[in-house]
Amino acid sequence: TSMREDQKQQAFPDDGHFGISIRDYFAARAMQGMFSNSELTAVVNSHDQFAELSYRMADAMLRAREHDTR
């Protein structure tokens, strides 16, 4: 699948109800990890920066999925 398709794919679809996108799920998990790192929270100055970094990480994870040959 392409990164664009992964961005549309739902992380937790359930009986016709759609969950969040995989991209949003990856970003949320990345942000959770970042918030648990006190060294990082000391240097990131705003919530906007955390959000941007989280989505950058999510996009990197989606790109990695494109190259997974398993």
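Which side chain meets that of D59 in a salt bridge? In this predicted model, the partner is R23, with an N to O distance of 2.6 Å.

View 1. R23, with a relative accessible area of 23%, is partly exposed. By the rule applied, the count of salt bridges comes to two.

View 2. E52 is partly exposed, at a relative accessible area of 48%, whereas R56 is exposed, at 53%.

**View 3. The largest nonpolar core has five residues.** Its members are I22, F26, A27, A58 and L62. Helices α2 (22–35) and α4 (47–67) each give two or more residues to this core. The most come from α2, which supplies three. Beyond its neighbours within four places in sequence, A27 is in contact with S54, Y55 and A58.

**View 4. S54 is a buried residue of helix α4.** S54 has 1% relative accessibility, so it counts as buried. A polar atom of the S54 side chain lies 2.7 Å from the backbone oxygen of F50. Setting aside neighbours within four places in sequence, S54 is in contact with A27, A30, M31 and M34.

**View 5. Helix α4 has a span that agrees with expectation.** Its 21 residues should span 30 Å at 1.5 Å a residue, and the end C-alpha atoms are 31 Å apart, so the two values agree. The buried residues of this helix are F50, S54, A58, D59 and L62. Of these, A58 and L62 are also members of the largest nonpolar core, and D59 takes part in the salt bridge with R23.

**View 6. The chain has four helices and zero strands.** From the N terminus on, the elements run α-α-α-α. The chain has 70 residues, of which 20% are buried. Among contacts between residues at least 6 apart in sequence, 44% join residues at least 24 apart. The chain exposes about 5,400 Å², and carbon and sulfur atoms supply 51% of this area.

How values were computed
Residues are numbered from 1 along each chain as its sequence is written. This is a predicted model: local features need pLDDT of at least 70, side-chain atom pairs count only at pLDDT 80 or more; totals for chains, interfaces and linings use all residues. Side-chain values use heavy atoms; hydrogens and water are left out. A nonpolar core is a set of buried Ala, Val, Leu, Ile, Met, Phe, Trp, Tyr and Cys residues joined through side-chain atoms within 4.5 Å. Buried means under 20% relative accessible area, exposed over 50%, partly exposed in between (1.4 Å probe, protein chains only). Contact means heavy atoms within 4.5 Å. A polar contact is a pair of N or O atoms within 3.5 Å; within protein, one must be able to donate a hydrogen and the other to accept it, and residues adjacent in sequence count only if both atoms are side-chain atoms. The expected span of a helix is 1.5 Å times one less than its number of residues. Accessible areas come from the Shrake-Rupley method with a 1.4 Å probe; for residues, only the protein chains shown count as cover. A salt bridge is a side-chain nitrogen of Lys or Arg within 4 Å of a carboxyl oxygen of Asp or Glu.
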